[in-house]
Amino acid sequence: MRCVMYRKIMQRFLLIALSLIACSAGANAQSAHDIIAGADKVRNPGEPFRSTTALTEYVQGKPKDQTVLTVYSKEDKATGQFRNLVRYVEPPRDAGKMALLDGQNLWFYDPAAKSSVRISTQQRLVGQASIGDVLTINFAIDYTGTLLGDETITDAEHQTRNCWHLDLRAATPTAVYSRAEYWVEHGTFWPIKIKFYSDSGRVMKVLYYRGFTQRLGAVRPGGAVIIDAVDSTLVTTVQFNNPTFQPIPDVWYQRDYLPRLRPE
């Protein structure tokens, strides 16, 4: 009798334990879209802001070139995507030039020519960095994601991170790259690593976020490292400096207003 009662108690205990595990798993389950959107919230605040972005190109460990930009970003509440105004600060030969992303169009404005022309988001800035790499973008809008599984990787600062591994495919014309692989840390939703692919399916470069600190109301990356996929001695660092919330007039994001714009 005691053995029968003991078995029944153990069976009940096992059923309760399995039920708790199932509930926990259900609570922790995340869709690919939820993960990507969660990482977007880590990278980007919902309020208008500006930051100074410094890009430095390294070849075999030695600095070769540098570009400094001021980026003004404001979320379009209708689409969930960001409007971006990029103003060149350094080098002196480029100071005053601007790039404007509003909707699907990216315009480059040169005050010397007093005209603006359309450019691609993959237009090279310096080293491995393109103009699309410095724009404030919500990946959950531009990409459709597939969750490939979990993976433990090493981040830019040689720390071990337990991540969701996702495959991203372009879903809109504004997507900078046709495909990317994305690693997002469990729990924190910190974006850790992105591998970008060309339209032909070739790996172009690998980006690691780093320097996570309290900024703009939450813990966000303070910079990134971009490594060429073919030659790992070609590296570009990206540093996000002096991020500040700032009201930004809608008129700043109009192409016709660029010749009159004085953002400082």
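Select the lining of the largest cavity to begin: its residues divide into 21 nonpolar, five polar and five charged. (Ala, Val, Leu, Ile, Met, Phe, Trp, Tyr, Cys and Pro count as nonpolar, Asp, Glu, Lys and Arg as charged, and the others, Gly among them, as polar.) The model is predicted: local features need pLDDT of at least 70, side-chain atom pairs count only at pLDDT 80 or more, and totals for chains, interfaces and linings use all residues. Residues are numbered from 1 along each chain as its sequence is written, and side-chain values use heavy atoms, with hydrogens and water left out.

A cavity is a set of points on a 1 Å grid over the protein atoms alone where a 1.4 Å probe fits but cannot get out; a pocket is an open set with protein on both sides within 12 Å along at least five of seven lines; lining residues have an atom within 4 Å of a point. Points are joined across faces, edges and corners, and a volume is the space filled by probe spheres set on them.

Now centre the view on Arg43, Asn44, Leu135, Thr136 and Phe240, which of the 31 lining residues lie nearest the centre of the largest cavity. Its volume is about 460 Å³.

Next, select Gln81, Phe82, Leu101, Gly103, Ile137, Asp142 and Thr174, the lining of the second largest cavity. The space there is about 50 Å³.

Move on to the largest pocket, with about 200 Å³ of space. Of its 14 lining residues, select Thr67, Tyr88, Asp94, Arg124 and Leu125, which lie nearest its centre. The lining has six nonpolar, three polar and five charged residues.
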